[in-house]
Amino acid sequence: MRWTDKYRPKAFKDIIGNGKQKKEIEAWVENWKNDIPQECLLLIGPAGTGKTSIAHIIASNFSEFIELNASDKRSYDIIMNTVGESATTQSLFSNERKLIILDEVDGIHGNDDRGGTRAIGKIIKTSHHPMVMTANDFYSKRLTSIKPKCKVIKINKVHTNSINALLKKICKEEGVIADPVAIKELAKRSNGDMRSALNTLQVIADDSKKLELSDLDTVSQKDNTNNIFDSVRRVLKSKSIDKIKKSMMLDEDPTLVMEYLAENIPREYEKPEEIKKAYEMISEADLYFGRARSSRNYTYWRYATDFMGIGVALSKEETYKKFTRLTGSMAFALMGRTRGKRALRDRIAEKMSKKLHVSNSVAISMFPELEIMFENDELAYEIASYLDFDDDEIKRFRNRKIPKKVIKKMEKRKLEEKAKTKVFKESSLNVAIENKDKTEKTSQIEKNTESENLKKDKKKKYSVKSENENKNNNQKNTENKDKKEKKETAQKSLFNF
Ligand SMILES: Nc1ncnc2c1ncn2[C@@H]1O[C@H](COP(=O)(O)OP(=O)(O)OP(=O)(O)O)[C@@H](O)[C@H]1O
Ligand SMILES: [Mg+2]
């Protein structure tokens, strides 16, 4: 059991710190109990400071409650259907109030953003029920319209001394022999995040029943000895959770690590199901990185790194005993590291791949050639209009805008030639594609021979194995033959990917 669950505060007195805030909240509960309606309560504070715990303690004072995580139920409709109804109708069997908890309201994101906030605004306005909401970011845009309608209570980071005291108590209860200096250091490093303090303590001391200062080094946030390739290799090559977790602690942009992983998964993993699963993990990680960015709540990075580290690592059935040359994204180096640039790169590649019938990576590898072609105004215009580039996309390949004069001239010419020529055919572009095609084909042939050999190898191994089986089980000969055939078909289908 997670210690954060085991030691989750059950009453206001168990909540550490935020004494003044606790008093206000208790008064709020009392007033509701005395049938004096109160404003919606909005608890705002950093991760792991007890907001959700407080909401649950409040709930224990009401006969019924309904809880929703705002970031899961995004759309206006869903929020209105699930919360809206219970917000306006009284509980069926009693006159008692029903508490509504909306957790992480600043986590509502994406297109439904406004719908979600509007729904919350409406619920606050029409609800006759007590309502508690929690959020991390006081300055979140999503809260601008909500804040004035609520009683806002700022929950502060838990003080280091208080964390220190709780950690000591838990060590005692769990029979952990702990160096007081180490506890103090752990309390300090958790930076007011009680959840992280408890999690770290459990990771270190649950089995070993001891905590020393040196233990903290193994879980320290940054470890500069790891480089990206070591981490990627470890994730792909190993299934040891501890090692993977450690290798994910590196002084690099984690989204960059994700890119490298994504690029190298199919180089290492061979089975389609493994590749599929690994990519699903990558997309989960990407989702959490997005969440971290949009909510500016970087605790989501932890989940993201778990998905891309442990998730990808455990997507394979067994580790492969082969040497794989990992690649560092060439396109990535070209495009720089910022996400905006990457998004632009992907958008352009997508357009090119549709129009030119090449893969996205081939499209990206053509960028340098495009840069050269874009130096010429007329050519730039033609390519851009053929590929349907917008201004930003054009700017990727040339600094200056295409002069209006040139655009006019080209448009006129286009009209004139419309009858004869349908689309732009740029020979150098075609040559470029042909060249790419050739190199792709050659490498494909190489790959095919490689996998052909691999196939043969595997078949050989298998047949040796099944021959032995046959020898051992003479009576079951026919049965074995059947099995062999089945297995062989299964083996083949793996390579059809
Ligand atoms: N003030 C506190 N006193 C005692 N324990 C706490 C406190 N804050 C957090 N914890 C511990 O951390 C765990 C997680 O806390 P909780 O879920 O309430 O945090 P939160 O503020 O809602 O965080 P988030 O913003 O990430 O949702 C609790 O189960 C509890 O073990
Ligand atoms: Mg919470």
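Which helices do the buried residues of α14 pack against? In this predicted model, the partners are α10 (228–237), α11 (241–247), α12 (254–268) and α13 (272–295). The residues of α14 that are buried are Tyr300, Ala304, Thr305, Phe307, Met308, Gly309, Gly311, Val312 and Ala313. An α-helix has 3.6 residues a turn, so residues three or four places apart point the same way. The length of α14 can also be checked.

The protein as a whole contains 23 helices and seven strands. Of its 497 residues, 27% are buried. Contacts between residues at least 6 apart in sequence join residues at least 24 apart in 75% of cases.

Ligand 1 has 21 residues around it, and Ala47, Gly50, Thr52, Ser53 and Met194 come nearest. Two elements, α3 (51–59) and α8 (194–208), each give two or more residues to this shell. Domain 1 (18–154) and domain 2 (160–218) each supply at least three residues to the shell around ligand 1. By residue type, the shell consists of eight nonpolar, ten polar and three charged residues.

Leu216 belongs to helix α9, which runs over residues 213–218. Is this residue buried, partly exposed or exposed? A residue counts as buried if 20 or more other C-beta atoms lie within 10 Å of its own, and as exposed if 12 or fewer do. Leu216 has 18 such atoms within 10 Å, and is therefore partly exposed. Leaving aside residues up to four places away in sequence, Leu216 touches Ala182, Glu185 and Leu186. Between Leu216 and Thr200 there is a separation of 16 residues in sequence, and their C-alpha atoms are 8.6 Å apart in space.

Confidence remains to be considered. The mean pLDDT of the protein is 76, and 70% of its residues reach 70 or more. Over residues 220–225 the pLDDT stays under 50, and the model gives this stretch six contacts beyond four places in sequence. Residues 458–471 also have a pLDDT below 50, with eight contacts in the model beyond near neighbours in sequence.

Terms used
Residues numbered from 1 in each chain as written. Chains lettered and ligands numbered in written order. Predicted model: local features only at pLDDT ≥ 70, side-chain atom pairs only at ≥ 80, totals over all residues. Near = placed C-beta within 6 Å. Helix = DSSP H or I, 4+ residues; strand = E, 2+ residues; numbered from the N terminus. Nonpolar A, V, L, I, M, F, W, Y, C, P; charged D, E, K, R; others polar. Domains from an automatic or database assignment. pLDDT = per-residue confidence, 0-100. Contact = placed C-beta atoms within 7 Å.
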